[in-house]
Amino acid sequence: SHRSEPVATYVLSGRLTRRPAHGDIVINLQAVAVATGAVIWSDQFQSALEGDPSSLDVIAMAVVNQLRAAIGEINVQQITRPGHVPDAAELVILGWHELLQRRSMEDLHRGRGRFRQALEADPTSVGALIGLAASYTMARTPRKPWTAHEWAEAERHIELANRLAPSNSTSAQLWGDLQLA
């Protein structure tokens with residue numbers, strides 16, 4: 001049978017409570033996994049009573065970042081389960097997870113390796129190309145400048161990503177960072 005309605009993996013719901021005596025509103029949010037009903041994330045936020053746009057922007061960004069992290073952890077657990085062999089898309093997810101942890105250079109190198117594996121499986125993976133280029137830009141510090149080889153690798157992957165996806169904002173930002181460097 002064919003479903004006509006969209007299928008969601010997670011649902012975000014919440015409640016807004018006005019507190020005129022405090023001069024603010026309280027926003028309680030939670031994300032639920034549709035398949036299991038499990039709450040995967042929840043938090044509470046406060047904003048000015050009039051719904052100050054800058055305060056609401058800060059809340060929206062916090063929600064997006066916290067949800068991304070929660071869902072990312074769930075994805076990594078599923079991808080790294082025993083016996084599962086990750087495909088190219090999953091390798092990109094793992095690579096970004098390693099990069100974004102930024103705990104050590106080993107994490108960056110492990111992420112870089114995941115992106116290389118993904119590119120072996122799918123040489124046109126824009127996510128893997130951007131991730132590989134980002135692994136070089138993130139590893140560069142004032143105490144550890146790029147070698148000529150690292151520079152060339154970052155440039156090559158950014159340029160290919162830009163050719164494949166000219167409107168991708170992340171590859172455009174990486175290209176700009178490279179020009180400034």
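## Helix H2 against helix H4

In this predicted model, helix H2 covers residues 88–101, and its axis comes within 10 Å of the axis of H4, with a crossing of roughly 20°. An angle under 35 degrees counts as roughly parallel, so H2 is roughly parallel to H4. The crossing of these two helices is left-handed.

On the H2 side, the residues in contact are Val 92, Trp 96 and Leu 99. They meet Gly 127, Ala 128, Ile 130, Gly 131, Ala 134, Ser 135 and Met 138 of H4. Sorted by class, the contact of H2 with H4 holds 7 nonpolar and 3 polar residues, with no charged ones.

## Helix H4 against helix H5

Two packed helices are described by the angle between their axes and by the distance between the axes. For H4 (residues 126–139) and H5 (residues 148–164), the angle is about 150° and the axes are 8 Å apart. Angles over 145 degrees count as roughly antiparallel, and H4 is therefore roughly antiparallel to H5. H4 passes H5 in a left-handed crossing.

H4 supplies Val 126, Leu 129, Ile 130, Leu 132, Ala 133 and Tyr 136 to this contact. From H5 come Glu 150, Glu 153, Ala 154, His 157, Ile 158, Leu 160, Ala 161 and Leu 164. The contact of H4 with H5 has 11 nonpolar residues, 1 polar residue and 2 charged residues.

## Helix H4 against helix H6

H4 also packs with H6: their axes come within 10 Å and cross at roughly 35°. H4 passes H6 in a left-handed crossing.

Here H4 uses Ile 130, Ala 133, Ala 134 and Thr 137, which meet Thr 170, Ser 171 and Leu 174 of H6. The contact of H4 with H6 divides into 4 nonpolar and 3 polar residues, and no charged residues take part.

## The three-stranded sheet

How many strands form the open sheet, and in what order? There are 3 strands, in the order S1-S2-S3, and their pairing is antiparallel. S1 and S3 are the edge strands, each pairing on one side only. Neighbouring strands of the sheet are turned against each other by 15° on average, direction ignored.

Helix H1, residues 53–79, packs on this sheet and touches S1, S2 and S3. The direction of H1 makes about 170° with that of S3.

## Strand pairs and their turns

S1 and S2 run antiparallel and are joined by 10 bridges. One of the bridged pairs is Arg 19 with Asp 24, the latter being in S2. The hairpin of S1 and S2 has 4 residues between the strands, and in this hairpin Gly 23 takes a positive phi near 75°.

S2 (residues 24–33) pairs with S3 (residues 39–48) over 9 bridges, in the antiparallel sense. Asn 28 has Gln 44 of S3 as its bridge partner, and Leu 29 stands opposite Asp 43 in S3. In a regular strand the side chains alternate between the two faces of the sheet. The hairpin of S2 and S3 has 5 residues between the strands, and Gly 37 in its turn has a positive phi of about 80°.

Is Thr 9 buried or exposed? The relative accessible area of Thr 9 is 53%. The cut-off for exposed is over 50%, so Thr 9 is exposed. Thr 9 lies in the segment before strand S1, which spans 10–19. Leaving aside residues up to four places away in sequence, Thr 9 touches Val 32, Ala 33 and Val 34. Thr 9 and Val 32 are 23 residues apart along the chain, and their C-alpha atoms are separated by 8.5 Å.

Pro 166 is in the loop between H5 and helix H6 (169–180). Its relative accessibility is 68%, so Pro 166 counts as exposed. Pro 166 and Ala 60 are 106 residues apart along the chain, with 28 Å between their C-alpha atoms.

How values were computed: Residues are numbered from 1 along each chain as its sequence is written. This is a predicted model: local features need pLDDT of at least 70, side-chain atom pairs count only at pLDDT 80 or more; totals for chains, interfaces and linings use all residues. Side-chain values use heavy atoms; hydrogens and water are left out. Axes are lines fitted to C-alpha atoms, for helices over the stretch in contact, and angles run from 0 to 180 degrees between N-to-C directions. Angles under 35 degrees count as roughly parallel, over 145 as roughly antiparallel, 65 to 115 as roughly perpendicular and the rest as oblique. A crossing is left-handed if the near helix is turned anticlockwise from the far one by less than a right angle, and right-handed if clockwise. Contact means heavy atoms within 4.5 Å. Ala, Val, Leu, Ile, Met, Phe, Trp, Tyr, Cys and Pro count as nonpolar, Asp, Glu, Lys and Arg as charged, and the others, Gly among them, as polar. Buried means under 20% relative accessible area, exposed over 50%, partly exposed in between (1.4 Å probe, protein chains only). Two strands pair if DSSP finds at least two bridges between them.
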